[in-house]
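The structure comes first, followed by the notes.

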Amino acid sequence: MPKTPWWKDGIRFECQGTGRCCVARDGYGWVYLTLEDRRRLARHFRLRTSDFTRRFCRQTDGHWHLDGFTTHCPFLEGTRCSVYAARPAQCRTWPFWPENMNARVWDREVVNWCAGVGKGRRWSADEIRVELRRGDA
């Protein structure tokens, strides 16, 4: 990431609840889970972490992810997240993912996909950096 990123003046973003970020795109739809994500989701379902993991997760190439994500997230109900308060870091940090913060990717991919870009409050560059670090956890 450059020292002075293109988003140095911040970005306006507020989720519009379309659920578009929760559906498979171009045949790709994975929600990666940290151990803390699995613990938080297990608490949400009042399960032990191991039981949640067995029931809802799969490991691929050493990375845990939600199982059953073929067309959309298994926790998507209509356009709403049924586990919103316990949602994974990947979901909490959208759209501020390292791979999205390239100006060309942002303009071509994120702006055209996500209705929340350009809406709501302005996220400062410092806040975006925090989200980028949180997503890498």
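Predicted model: local features only at pLDDT ≥ 70, side-chain atom pairs only at ≥ 80, totals over all residues.

Residues are numbered from 1 along each chain as its sequence is written, and side-chain values use heavy atoms, with hydrogens and water left out.

**Salt bridges**
- The structure holds ten salt bridges (a side-chain nitrogen of Lys or Arg within 4 Å of a carboxyl oxygen of Asp or Glu).
- Glu131 and Arg134 form one of them, with the closest N and O atoms 2.8 Å apart.
- Both residues lie in helix H5 (residues 125-135), three residues apart, about one helical turn (helices are DSSP runs of H or I, at least four residues, and strands runs of E, at least two, numbered from the N terminus).
- In helix H2 (residues 49-56), exposed Arg54 meets partly exposed Asp51 at 2.6 Å, N to O.
- Shared partners join Glu36, Asp37, Arg40 and Arg43 into one network of salt bridges.

**Helix H4**
- Trp106, Val110 and Trp113 are buried in H4 (residues 103-113).
- They cover an arc of only 100° around the axis, so they lie on the same side of H4 (the arc is that of the directions from the helix axis to the C-beta atoms).
- The face turned away from the buried side carries exposed Arg104, Asp107, Arg108 and Asn112.
- The buried residues of H4 pack against strands E1 (11-13) and E6 (117-123) (contact means heavy atoms within 4.5 Å).

Terms used. Buried < 20%, exposed > 50% of the residue type's maximum accessible area, 1.4 Å probe, protein only.
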